Amino acid sequence: MFLVFSPTPQQLKQFIDSRAADSFSYDAVGATRKPSPPAGYIVDHNRQLLGSGRAVFEKAKQAIRRWTMFEVPGVDLIGKDTPIEPGRDVALFAHHLGFHSLSSCRIVYVIDEPDRFGFAYGTLTEHVEIGEERFTVEYHQGS
């Protein structure tokens, strides 16, 4: 959804609430769990060493739970207090060159293992892009 004016907090809440009955905008829901994507999908992998030790891993898990990866200029996550649970919806409010966009996403699955934590969310029909994105942190023994 493209906008000329910034929505009010009430309009943002209504937008997220209105997505409850929405569906995913793509067919391969959950495909980011698999090592290979379905035919025709583009995969973009980005990895970053955050440090070493269990304390760094625990801190990284907390950062994911707080949606810290969305603290970037020009983008506001609507629903920062949303728990990382399957079926939960959030929205992204982006500021572009003189206009704004609102996009909706739903958490598809959660990874909560002793040495790996994260989640994937998928785009709903009211999103400017189509697909799924996964955010994970991993702890590797000896690192």
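Is tyrosine 139 buried or exposed? In this predicted model, tyrosine 139 counts as buried, at 15% relative accessibility, because the limit for that class is under 20%.

**Aromatic pairs**

The model holds nine aromatic pairs. One of them joins phenylalanine 24 and tyrosine 26, whose ring centres are 5.7 Å apart. The planes of these two rings stand at 70°, so the pair is edge-to-face. Tyrosine 26 is buried, whereas phenylalanine 24 is partly exposed.

Phenylalanine 57 and tyrosine 139 form a further pair, with centres 5.9 Å apart and planes at 45°, so this pair is tilted. Phenylalanine 57 belongs to helix α2 (residues 54–65), while tyrosine 139 is in the segment after β6 (132–138). The pair therefore ties together parts that are 82 residues apart in sequence.

| Residue | Relative accessible area | Class |
|---|---|---|
| Phenylalanine 24 | 24% | partly exposed |
| Tyrosine 26 | 5% | buried |
| Phenylalanine 57 | 3% | buried |
| Tyrosine 139 | 15% | buried |

Two arginines sit over aromatic rings. The charged end of arginine 106 is over the ring of phenylalanine 24, 5.7 Å from its centre. Arginine 33 lies over the face of tyrosine 109, at 4.0 Å from the ring centre.

**Helix α2**

Helix α2 has twelve residues, which at 1.5 Å a residue should span 16 Å; the end C-alpha atoms are 17 Å apart, which agrees. Its buried residues are Phe57, Ala60, Lys61 and Ile64. Seen down the helix axis, these buried residues fall within an arc of 105°, so they line one face of α2. An α-helix has 3.6 residues a turn, so residues three or four places apart point the same way. The buried residues of α2 pack against β5 and β6. On the face turned away from the buried side are the exposed residues Ala55 and Lys59.

**Nonpolar cores**

After α2 comes tryptophan 67, with a positive phi near 60°. Ring pairs link Trp67 with Phe70, Phe119, Tyr121 and Phe135 in a cluster. The largest nonpolar core has 17 residues, and Trp67, Phe70, Phe119 and Tyr121 touch the most other members. Two or more residues of this core come from each of α2, β3 (89–95), β4 (100–113), β5 (116–123) and β6. Another core, of eight residues, lies apart from it and includes Leu12, Phe15, Ile16 and Leu102.

Leaving aside residues up to four places away in sequence, the contacts of tryptophan 67 include Leu77, Ile84, Val90 and Ile107.

Methods
Residues are numbered from 1 along each chain as its sequence is written. This is a predicted model: local features need pLDDT of at least 70, side-chain atom pairs count only at pLDDT 80 or more; totals for chains, interfaces and linings use all residues. Side-chain values use heavy atoms; hydrogens and water are left out. Rings of Phe, Tyr and Trp (its six-membered ring) pair if their centres lie within 6.5 Å; planes under 30 degrees apart count as stacked, over 60 as edge-to-face and the rest as tilted. Buried means under 20% relative accessible area, exposed over 50%, partly exposed in between (1.4 Å probe, protein chains only). Helices (H or I, at least four residues) and strands (E, at least two) are DSSP runs, numbered from the N terminus. A charge sits over a ring if NZ of Lys or CZ of Arg is within 6 Å of the ring centre and within 35 degrees of the ring normal. A nonpolar core is a set of buried Ala, Val, Leu, Ile, Met, Phe, Trp, Tyr and Cys residues joined through side-chain atoms within 4.5 Å. Contact means heavy atoms within 4.5 Å. The expected span of a helix is 1.5 Å times one less than its number of residues. The arc is that of the directions from the helix axis to the C-beta atoms.
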